[in-house]
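Dear colleague,

Here is the structure I promised to pass on to you.

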Amino acid sequence: VSDTIAAAVDEGRLWRRLDALACHGARADGGVDRPALSDAEAAAKRQLMDWGAELGLVAYTDALANLFLRWDVGADLPAVLVGSHVDSQPTGGRYDGTFGVLAGLEAIAALRTAGVRPQRPIEMVAWTNEEGSRFAPGMMGSAGYAGARGLAEILAVRDAQSISVAEAIAAQAARLPPLPRRALGRQVHCYIEPHIEQGPVLEAAGVALGVVTGMQGKRTFRVRLTGEAAHAGTAPRASRRDALLAAARAVLALEAGTADPDDIVRFTVGRLTVTPNAPSVVAAAAEFSIDLRHPDADMLHTLGNRVAGICADVAPPCTAEVEELSCAPPQVFDAGLRTALHRAAREVGVAALDIASAAGHDARYLEPICPTAMLFIPCRGGITHNPAEAIESAHAVAATRVLAVLLAAQTATALAAKTG
Ligand SMILES: [Zn+2]
């Protein structure tokens, strides 16, 4: 059966659809600029709905404009969800998000061609505003679906043009055929998200498929050094309280204090603001951001808890204040699904490797509410959020074959699980 399903995955169709979807919000340089809830994203969704209709899938939405294409099999059971997102960064590539959505659609098409009769519904999903570049923060549709963020709070978020999420959802709905709305937070049997790796590991290892073990945790901080403004010509250096120098010492001390021989820790200071930010004034204050990530919860805890002490040690004669802004623990994806993915990969003859996700994905928010898994395919040079983003068709089709076999297994066991 696995061979029949795998053979029904149409490599040419998958590739043509990846190209076709990239036309919506296409950039002149070959990339994609498709903001969440934009007209370009509406056109991409409409295209998905048309392809879904050809397969007899039923389109519906919810209060956050997440798009679902449902293979209704008559059983009133929680669905297997498969998908990702179709919004992009302003300098986006063609495959971030869209690969997961189209792999899901192609896997459904293959199951139908192969004559598989699932015992529970399968739904392709495109989550709203994964990227967070129009409405911050990202992963809005999945976070709201899973109840990690409140609907009212999300709907009130505004973009740079002061357009609210609620207004943007209404504007996009006006560009699409009327869709039935279902409730947020419906029960999900399991969630599978295919995605490009957005890193160099799979390409270097020469394998087509990564079985994602989980997502690394992340803590973010704001550090403020306070000194005293002084004249750059007259103030003796020995008596200065230079906040920028204190910030520089702190950044270097933190960089050293979080370094690990295996290079697993991710430590980034991406923003530094100086007050008054004038060339001839000693800085009175300096503030910087910290983005700290690690796949191990204990390690992330230990490293994050070093931040305040390191800053206090090197701040004098300035003072340091450290504020933690967010703390997302590492996640481990469902062991049963990971085993099932490896089994499906073996059946289809696709080499697979366990890999941790270094980036955040919608799967982060599904993981607390249902068994969740991700599969990665390599992307050239690890380049992403960039028009140069590129994948191999052979990898895309191999992963989609594994996905289709996995979906068949997850839906075939439905009745057994229910009666047993
Ligand atoms: Zn993505």
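In sequence, the donor residues of the zinc ion follow the spacing H-x10-D-x98-H, where donors are N, O and S atoms within 2.8 Å of the metal (3.2 Å for Na, K and Ca), and because water is not among the atoms, sites may look incomplete. The ion is coordinated by His85 through NE2, Asp96 through OD and His195 through NE2, at 2.0 to 2.2 Å. Histidine 85 belongs to strand β3 (residues 79-85), whereas aspartate 96, 11 residues apart from it, sits in the loop between β3 and α4 (98-113), and the pair links distant parts of the chain. Helices (H or I, at least four residues) and strands (E, at least two) are DSSP runs, numbered from the N terminus. Both histidine 85 and aspartate 96 are buried, a term that means under 20% relative accessible area, with exposed being over 50% and partly exposed in between (1.4 Å probe, protein chains only).

Please keep in mind that this is a predicted model, in which local features need pLDDT of at least 70 and side-chain atom pairs count only at pLDDT 80 or more, while totals for chains, interfaces and linings use all residues. Residues are numbered from 1 along each chain as its sequence is written, and side-chain values use heavy atoms, with hydrogens and water left out.

Next, the strands. Strand β2 (residues 67-71) is mostly covered, with five of its five residues buried. In a regular strand the side chains alternate between the two faces of the sheet. In β2 both faces are covered, with Leu67, Leu69 and Trp71 buried on one side and Phe68 and Arg70 buried on the other. Strand β1 (residues 58-61) runs antiparallel to β2 and is joined to it by four bridges, where two strands pair if DSSP finds at least two bridges between them. Within this pairing, alanine 59 has leucine 69 of β2 as its bridge partner. The two strands form a hairpin with five residues between them, and alanine 65 in the turn has a positive phi of about 65°. β2 also pairs with strand β4 (residues 122-127), in the antiparallel sense and over five bridges, and here the bridge partner of phenylalanine 68 is valine 125 in β4.

Turning to the helices, the axes of α3 (residues 39-54) and α4 come within 11 Å and cross at roughly 10°; axes are lines fitted to C-alpha atoms, for helices over the stretch in contact, and angles run from 0 to 180 degrees between N-to-C directions. That angle makes α3 roughly parallel to α4, as angles under 35 degrees count as roughly parallel, over 145 as roughly antiparallel, 65 to 115 as roughly perpendicular and the rest as oblique. Leu48, Trp51 and Gly52 in α3 meet Val101, Leu102 and Leu105 in α4, with contact meaning heavy atoms within 4.5 Å.

Finally, two individual residues. Arginine 149 lies in the loop between α5 (140-146) and α6 (151-155), and it counts as buried because its relative accessibility is 13%. Leaving aside residues up to four places away in sequence, arginine 149 touches several others, including Pro137, Met140 and Ile154. Glutamine 410, in helix α13 (residues 393-412), also counts as buried, at 15% relative accessibility.

With best wishes
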